[in-house]
Amino acid sequence: MSISPFILASSAILIFLSIPLLVPLFLRHQRLLINISSLIAAIASLLAVTAGVWTVWKGSTESYIILLGLPDLPFHLRLDPLSGFFFTVIGLLGFFVSIYSIGYVKGFLSHRPVNRLIVFYNLFMAGMFMVIIADDAFFFLISWEIMAAASYFLVMFEDEKAENRKGAFIYILVAHVGAIAILLSFGVMASLATGFENFGGYTFDAMRQTEFPIKWATAAFLLAFLGFSAKAGVFPLHVWLPEAHPVAPSNVSALMSGVMLKTAIYGIVRVTFDIIKDFPWWWGVIVLIFGLLSAVMGVLYALMQHDLKRLLAYHSVENIGIILIGIGLAMTFTSFHLPVLAALAITAGLYHTLNHAMFKGLLFMGAGAVLHATRVRNMEEMGGLIHKMPWTAALFLIGCISISALPPFNGFVSEWLTFQAFLLSPSLPSPILKLIFPLAAALLALTAALAATCFVKAFGITFLGQWRGHHTHVHEASWSMRIGMILTAVSCLFLGVFPTMVISWMDIIPEKLVGGSLTTTAGQFGWLWLTPISHSRASYSAPLVFLIILVVVLLIYIFLHTRKTAIHRGPLWDCGFEKIDTRMQYTGTSFAMPIRRIFGFIFMIKETVRIEASTGTPGHNIFPKSIHYRLRVRDRMWGWIYSPVADASFWIARKTGKLQQGRIQVYLVYSFVTIIILLVLL
Amino acid sequence: MNVFSPLFVMCLQFIAVLFAAPAFAGWVRMVKCWFQGRKSAGLFQPYRDIFKLLHKDVVLAENASWIFRFTPFLVFGTTVLAGVIIPILSIDLPLSATADAIALVALFTIARFFTALAGLDIGTAFGGMGSSREKTVASMSEPAMLMAIFTVSLVSQSTSISHMVNVIAHGEFVLRPSLAFALLAFILIALAETGRIPVDNPATHLELTMIHEAMILEYSGRHLALIEWAGMMKLFLFTTLGIALFFPWGIAAAGDITFLPVAILLLLIKLFFAGIGLVLIETGLAKMRLFRIQEFLGSAFLFATLGLLSYFMLE
């Protein structure tokens with residue numbers, strides 16, 4: 001049997017599924033267990049990357065049927081360019097995070113055994129790959145549940161803490177509401193594919209060949225979008241992210257935020273572009289609207305956070321929004337039969353998927369290193385870490401620049417492509433859409449600008465200034481953690497500087513999905529210029545931007561440093577007062593205060609100031625003994641959606657609880673009445 | 001000759017941006033002095049300032065990290081890059097395709113991102129205050145700026161700046177209401193972006209009103225020289241960008257090097273009047289309270305949106 005991408009992909013999955021078997025062998029040698037299992041996981045991830053890159057490169061599609069599962073319901077597997085792309089994304093971050101885990105997981109050894117973490121980490125990876133490779137509804141949902149359950153146990157890893165249990169519970173609840181919606185969506189499509197007589201319609205192939213009536217297709221799409229949105233953390237179903245991500249181990253947060261959310265993006269793309277194919281324009285507008293909402297609300301809530309990982313979790317909401325904007329645009333363009341524009345928009349969405357996996361993975365790994373070193377999550381207690389952790393600081397900064405969409409790093413490329421897609425909206429036939437789309441582009445611009453503000457805050461308060469914490473023992477991350485982060489940072493730079501290479505590699509995906517492709521090799525220097533439509537339309541040359549900035553900076557540096565002027569170090573300017581201490585620095589809360597005030601109507605803000613007057617002189621608050629300031633910013637969605645739903649379900653539970661009398665006679669009467677009713681009806 | 005002419009134009013423009021920017025800043029200060037009844041220090045005072053700062057020693061705060069030292073160089077580098085992208089004298093600019101209008105906005109964002117980080121780096125309340133305010137203003141001015149640029153790009157069907165300028169300069173002359181609105185929005189945004197009254201006051205050192213100055217308060221010597229110089233270039237570039245986008249007539253066409261002296265002369269005249277216009281705005285208005293800036297930038301955004309609407313409805 002010759003080696004094909006499919007063989008590599010399935011062997012990667014099998015390796016991930018079998019790593020948990022190693023755990024019983026090394027129960028007493030935890031360090032060795034961590035080294036071995038992480039290395040094998042890294043190798044398996046590399047296999048998956050190879051499989052993915054190869055599939056997209058060849059543009060091949062391989063499908064297999066495996067005789068496992070229920071009788072007459074074998075598993076269908078399929079590796080096409082779209083799955084290949086997601087294999088690459090998941091495998092790449094999986095590889096980096098697995099290297100990072102070697103050092104990171106050892107940090108838990110002083111408190112607890114890590115067996116559970118290793119078992120579920122690998123099951124989680126396997127589950128994600130299985131979701132991508134599945135080609136029938138049955139196997140897809142099994143894999144989906146393996147992924148959800150494994151990640152639930154990972155969030156629960158430190159289960160002695162109440163917030164972990166709460167976060168994990170909210171996560172599994174939202175995940176299952178989503179899973180039900182996905183199940184129903186597949187049910188609708190499968191029943192239309194073959195009717196209710198047999199089960200043949202549960203394969204995606206059967207669904208692809210069916211032409212759905214528009215009414216049922218809409219029902220299936222809305223259900224699928226609801227289900228996948230719950231997993232992706234689309235506003236207003238995002239509330240589980242800021243609860244679950246901060247409490248999970250950081251390598252798991254990196255994977256959950258970086259790639260698990262992307263399986264939901266994969267699901268949306270698969271269902272709309274591949275299975276349903278033919279849809280009205282307003283589906284795209286729905287996706288676009290929810291994308292915009294998630295992007296703007298995600299970044300505004302992120303600005304209000306002072307827990308580093310919570311802040312990053314809200315940014316995942318924002319970035320999923322940006323990806324959905326690209327996909328929503330692609331859907332609108334497809335429904336108006338504009339394949340080239342659709343190709344541009346979907347490339348923007350998918351490229352942002354890849355970019356977000358890289359920089360969000362990097363940021364969560366960096367946050368993990370900081371948490372590991374300082375043992376606090378609140379960034380108001382950090383500061384000045386750039387002196388104590390120079391490597392982590394530099395790498396985290398690269399993540400911040402990338403996510404803030406600044407050239408020449410990768411976040412800019414995909415946002416630039418999304419803007420280009422927006423600006424092509426005048427070719428749409430509908431006048432209202434022509435008008436609305438540029439306004440939507442302005443919201444995206446607002447998101448990008450606020451994201452840059454938020455990451456100035458995140459990096460500035462955490463790493464710059466002076467150390468605000470109590471203990472002084474802070475150490476740099478271990479080498480394996482650093483290598484994992486360095487590799488991720490390098491890929492961020494590569495994706496930013498050579499976007500043309502990556503886009504011409506993945507050009508096959510839009511060609512298969514929407515029937516159009518980007519001609520990136522316009523002009524003389526194909527790899528140098530990114531020209532999505534034509535040279536006179538727009539162009540961006542990341543290598544030149546990078547090179548010119550680098551050369552100018554180096555030249556001035558050399559020019560100015562050959563002079564005789566010296567550099568002295570002096571104390572801070574303290575306006576003539578005696579001594580300024582570290583508590584007088586600007587904090588994250590004060591940094592975000594202007595934004596809080598301007599966009600205050602969006603949040604639920606509770607601000608209380610209590611002044612304790614100095615004793616002996618009642619009424620004199622001019623020199624108070626102490627001032628207590630308390631600020632609480634909450635998500636309005638809790639009050640608007642979640643509390644009513646929770647109250648309603650408790651109310652229903654109480655009412656139905658009255659049926660349970662606890663007396664056998666009453667239950668017998670229930671059964672009797674039920675039988676009578678059934679007999680009458682049937 | 002024709003092969004070298006774009007390169008020649010680029011070098012000329014590079015030199016012009018580097019060395020004419022302080023003169024333009026000097027011109028603005030001079031006119032301002034006259035308007036306020038003061039005696040001016042002359043057109044060449046900014047050069048003397050930069051020269052003096054370059055020869056002074058640097059005093060760094062004790063806990064300043066490499067970010068603080070790296071920022072001036074990066075700010076200068078990105079501004080220089082922006083300077084060779086914007087077509088000032090001729091449309092035929094070889095590096096103009098390197099970055100389009102969206103990337104240009106992002107280039108200025110890099111400079112601002114790092115300046116804000118440098119403000120937080122030293123760990124004083126002043127620096128943090130400046131960073132926080134600057135980033136707040138930026139989060140509202142950048143979307144408005146992009147909206148203004150989108151309006152112009154709808155007219156020209158492109159986001160490549162030299163192509164946009166070409167369409168407006170050499171296309172059929174039509175009075176477009178969309179461009180009038182975009183110009184109005186652009187002026188408001190340019191005031192905010194370059195830190196002029198009524199958003200920020202470049203001459204203040206009073207803590208209640210500082211925005212940009214608060215961030216760079218701890219800089220000295222050559223670092224300060226680079227930042228000040230980059231600030232002057234930014235003012236110059238925003239003015240010339242506005243001229244190129246809205247009043248490009250007279251700019252040299254592709255391959256037409258003989259037209260260059262005329263282009264230079266016309267540019268000088270335009271800058272002369274732009275400087276007076278800026279001073280009229282600055283002396284006529286008072287500085288706004290910090291929490292009125294969002295209304296100011298909101299109206300800029302509104303003008304840009306109106307420009308967009310009028311493009312679709314009237315043109």
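The centres of domain 2 and domain 3 of chain A, taken over C-alpha atoms, are 49 Å apart. Chain A is divided into domain 1 (280–560), domain 2 (588–637) and domain 3 (641–681), with bounds that come from an automatic or database domain assignment. Before going on, keep in mind that this is a predicted model, where local features need pLDDT of at least 70 and side-chain atom pairs count only at pLDDT 80 or more, while totals for chains, interfaces and linings use all residues. Residues are numbered from 1 along each chain as its sequence is written, and chains are lettered from A and ligands numbered from 1 in the order in which they are written.

Let's stay with chain A for a bit. Its secondary structure comes to 25 helices and five strands; here helices (H or I, at least four residues) and strands (E, at least two) are DSSP runs, numbered from the N terminus. The radius of gyration of chain A is 27 Å, close to the 26 Å that the globule rule gives for 682 residues, so chain A is as compact as a globular protein of that length. That radius is taken over C-alpha atoms, and the globule rule is 2.2 Å times the number of residues to the power 0.38. Along its principal axes, the C-alpha trace of chain A spans about 90 × 80 × 65 Å. Of the 682 residues, 54% count as buried. A residue is buried if 20 or more other C-beta atoms lie within 10 Å of its own, exposed if 12 or fewer, and partly exposed in between, with C-beta atoms placed from the backbone.

Now for chain B. Here you'll find 11 helices and one strand, and from the N terminus on the elements run α-α-β-α-α-α-α-α-α-α-α-α. With 315 residues, a compact globule would have a radius of gyration near 20 Å, and the 19 Å of chain B agrees with that. The C-alpha atoms of chain B fill a box of roughly 60 × 45 × 40 Å along the principal axes, and buried residues make up 59% of the chain.

Who touches whom within each chain? Two residues are in contact if their C-beta atoms, placed from the backbone, lie within 7 Å. Take the contacts between residues at least 6 apart in sequence: in chain A, 78% of them join residues at least 24 apart, and in chain B the figure is 81%.

How do the chains meet? 67 residues of chain B are in contact with 66 residues of chain A. Strand 1 (58–61), helix 3 (66–83), helix 4 (101–121), helix 5 (125–156), helix 9 (221–246) and helix 11 (293–314) of chain B each supply at least two residues of the side that touches chain A. The largest share, 17 residues, comes from helix 5 of chain B. The residues on this side of chain B divide into 35 nonpolar, 22 polar and 10 charged; Ala, Val, Leu, Ile, Met, Phe, Trp, Tyr, Cys and Pro count as nonpolar, Asp, Glu, Lys and Arg as charged, and the others, Gly among them, as polar.

The chains also share some strand pairing. Strand 3 (residues 567–570) of chain A and strand 1 of chain B pair in the parallel sense over four bridges, where pairing takes at least two bridges found by DSSP. Within this pair, A:Arg569 stands opposite B:Leu60.

Next, look inside. The largest nonpolar core has 355 residues, and those with the most contacts inside it are A:Phe129, B:Ala144, B:Ala185 and B:Ala304. Such a core is a set of buried Ala, Val, Leu, Ile, Met, Phe, Trp, Tyr and Cys residues joined through C-beta atoms within 7 Å. Helix 13 of chain A gives the largest share of this core, 20 residues. Leaving out residues up to four places away in sequence, B:Ala304 touches several partners, including B:Ala144, B:Phe181 and B:Ala185.

The peptide bond from A:Pro407 to A:Pro408 is cis, with omega near 5°, and A:Pro408 sits in the loop between helix 15 (390–403) and helix 16 (410–423) of chain A. In chain B, the bond from B:Ile197 to B:Pro198 is cis, with omega near 10°. A:His337 has a positive phi of about 55° although it is not a glycine; A:His337 is exposed, with 12 other C-beta atoms within 10 Å.
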